[in-house]
Amino acid sequence: MQKVVLFGECMLELRQSEANTMHRSFAGDVFNTAVYQKRAFAQQQVSFMTALGQDVLSQQLVDNCKAEGLNCDLVRYSTSHNPGIYLVQTDAQGERSFLYWRENSAARQAMKLLDEEVRNQVCKADVFFFSGISLAILAREDRALFWQFLNEVQKAGVTIAFDPNYRARLWESAEDARQQFALAFTASSMVLPGIEDFSVLYGLNELKDIVAFCEPFNIKELVIKNGGNSVFCRAGDFELTQAVKPVAKVVDTTSAGDSFNGVYLGARLAGYDIGQAIELAASAAGLVIQFPGAIIPNENFKALIDQ
Ligand code: ADP
């Protein structure tokens, strides 16, 4: 069985539904990626690696992961911290804003809770995926532990996949993010950025400049997402620019990149070639953005996969 481990944070998502009522769900970039990968490729073992607390919310979160078919053997439980929370608010113009309570979340402690069992299991996976958000939220003093761990995983022959998913507010400074991302680009053989990551962080807006920036790293598969425009891939001598099918009514772009990543990872692992994998991943992302929230109802998603 093909095995993927995805490392990151999942939070409680609260969304105002009516006056004085909150709709409750669970989301987080890497968690979203894991959910869509598993939904699209049920035969793969998709493990979510994170840290949670020993509270009711953590239990509900794990139950939710299990209901999505995710393997939770690599979840560890802090005795002192609980999951993060965020609130999504939509104003009269339909603009969304996010309010977070995650500074003290259990996921930040993940490296302190890393044990031999987790190390061994991750080293047996085919792919290990993490994002710039997984990095940003880690307790600063635990960064060295993470890079040491990643080095072991890479040496064990696991494919390392990374999406920078740059979020300025999670970093102390842009320079701090650039330093950490340089380590991530060096360690990863598959990199799945959005074009915006590079324009905001490095001032690079043109595809050719981004490709040139990535050239010195040993990235075997570079897939650059450019919203509703196109997806570009460079893998060795192979190069492809694939147009994205337009979506008439975009409702909510939350999780567009995450669903793309999950389906792309699953498709590549299942033996799809790059063009086929991009096509399926872009169709999945195109569907996800037609519904509100990070995780769309499974019956809507299944319609795509069953096609
Ligand atoms: P990220 O969230 O990582 O920055 P993008 O915004 O580029 O990623 O979106 C990820 C994928 O979602 C795109 O590659 C595309 O397939 C799909 N997508 C995003 N926006 C649109 C859109 N307006 N129309 C159609 N597809 C879209």
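**Notes on the ligand site and the cysteines**

1. Start at glycine 227: one of its polar backbone atoms is 2.6 Å from an oxygen atom of the ligand. Keep in mind that this is a predicted model.

2. Lysine 225 brings a side-chain N or O atom to 3.3 Å from a ligand oxygen. As for cover, the ligand taken alone exposes 550 Å², and the protein buries 80% of that.

3. Where does the ligand sit? It is in the largest pocket. Strand S11 (221-226), helix H9 (256-269) and helix H10 (274-288) are the elements that give two or more residues to the shell around it. H9 gives the most, with 3 residues.

4. The whole shell comes to 16 residues, and the closest are Lys225, Gly227, Val244, Gly257 and Ala285.

5. On to the cysteines: the disulfide count is 0. Cysteine 65 is in no disulfide, and its nearest cysteine sulfur, that of cysteine 72, is 4.5 Å away. Cysteine 65 is buried, at 2% relative accessible area.

6. Cysteine 233 is in no disulfide either; for this residue the nearest cysteine sulfur belongs to cysteine 214, 12 Å away. Is cysteine 233 buried or exposed? With a relative accessibility of 0%, cysteine 233 counts as buried.

How values were computed: Residues are numbered from 1 along each chain as its sequence is written. This is a predicted model: local features need pLDDT of at least 70, side-chain atom pairs count only at pLDDT 80 or more; totals for chains, interfaces and linings use all residues. Side-chain values use heavy atoms; hydrogens and water are left out. A disulfide is a pair of cysteine sulfur atoms within 2.5 Å. Buried means under 20% relative accessible area, exposed over 50%, partly exposed in between (1.4 Å probe, protein chains only). A residue is near a molecule or strand if one of its heavy atoms lies within 4 Å of it. A polar contact is a pair of N or O atoms within 3.5 Å; within protein, one must be able to donate a hydrogen and the other to accept it, and residues adjacent in sequence count only if both atoms are side-chain atoms. Accessible areas come from the Shrake-Rupley method with a 1.4 Å probe; for residues, only the protein chains shown count as cover. On a 1 Å grid over the protein atoms alone, a cavity is a set of points where a 1.4 Å probe fits but cannot get out, and a pocket is an open set with protein on both sides within 12 Å along at least five of seven lines; lining residues have an atom within 4 Å of a point. A molecule sits in a cavity or pocket if more than half of its atoms lie within 2 Å of its grid points. Helices (H or I, at least four residues) and strands (E, at least two) are DSSP runs, numbered from the N terminus.
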